[in-house]
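Thanks for making the time this morning.

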Amino acid sequence: MPPRRRGASGFRGVRVRPSGRFTAEIRAGGFRLTLGTYNTPELAARAYDAAAWRFRRPGRDMNFPDVESLEEAEFLAPPPCLVDDEDRRRHRQVQRRIAIAEHDEQLMRQWRAQFPNDVVNTDAFFADLRAQRRFNRRHRRAVAEFELENPNTTWTENDPRWDDIWTETTSDDE
């Protein structure tokens, strides 16, 4: 049987995913075993080589012929990425959140196009809010500095209002 072709990744047993990541897989006993998904084709090829060594494949089936033992191949291979039901649930949850955020952005674009005056009013509202917060910070700092200099202060040592002395009052809210 002729040797298998190397795919678009340039390595045996490595396929490019639509996401741009690389999947390592090996065939054994009529089954295709997925070894994991990696960020680079080299890492996926190292994982393939470690599996090929475990299955006692000949050296010509390796991507890196300079590796001389199973131990060396396993040392150079990235750790396996195990996917379980919790990972799949978390991925679905993230995908739902991304879809909701994209839908919200689309609705906001439509709203901005439909009501440009509201956009101006919204910008003015947040500018006023930032100015009010800046004023409140300056006021709290001034009160804290006054209490620091006042020998008859009613504040205790552990009063959190003392932290307002260190409050930055010149920068905008983030």
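This is a predicted model: local features need pLDDT of at least 70, side-chain atom pairs count only at pLDDT 80 or more; totals for chains, interfaces and linings use all residues.

With 73% relative accessibility, Arg-56 counts as exposed, where exposed means over 50% relative accessible area, buried under 20% and partly exposed in between, with a 1.4 Å probe and protein chains only. Arg-56 sits in the loop between α1 (41-54) and α2, and its phi is near 55 degrees, a positive value in a residue other than glycine. Helices here are DSSP runs of H or I with at least four residues, strands are runs of E with at least two, and both are numbered from the N terminus.

Residues are numbered from 1 along each chain as its sequence is written, and side-chain values use heavy atoms, leaving out hydrogens and water.

As for confidence, pLDDT being the predictor's own score for each residue from 0 to 100, the protein chain has a mean of 83, with 89% of its residues at 70 or more. Helix α2 (residues 70-76) has the lowest confidence, at a mean of 82, and strand β1 (residues 14-16) the highest, at 91.

Turning to Phe-31, this residue lies in strand β3 (residues 31-38) and counts as exposed because its relative accessibility is 58%.

Finally, helix α4 (residues 116-149) has 34 residues, and its buried residues are Arg-134, Arg-137, Ala-144 and Glu-147.

Technical notes:
The expected span of a helix is 1.5 Å times one less than its number of residues.
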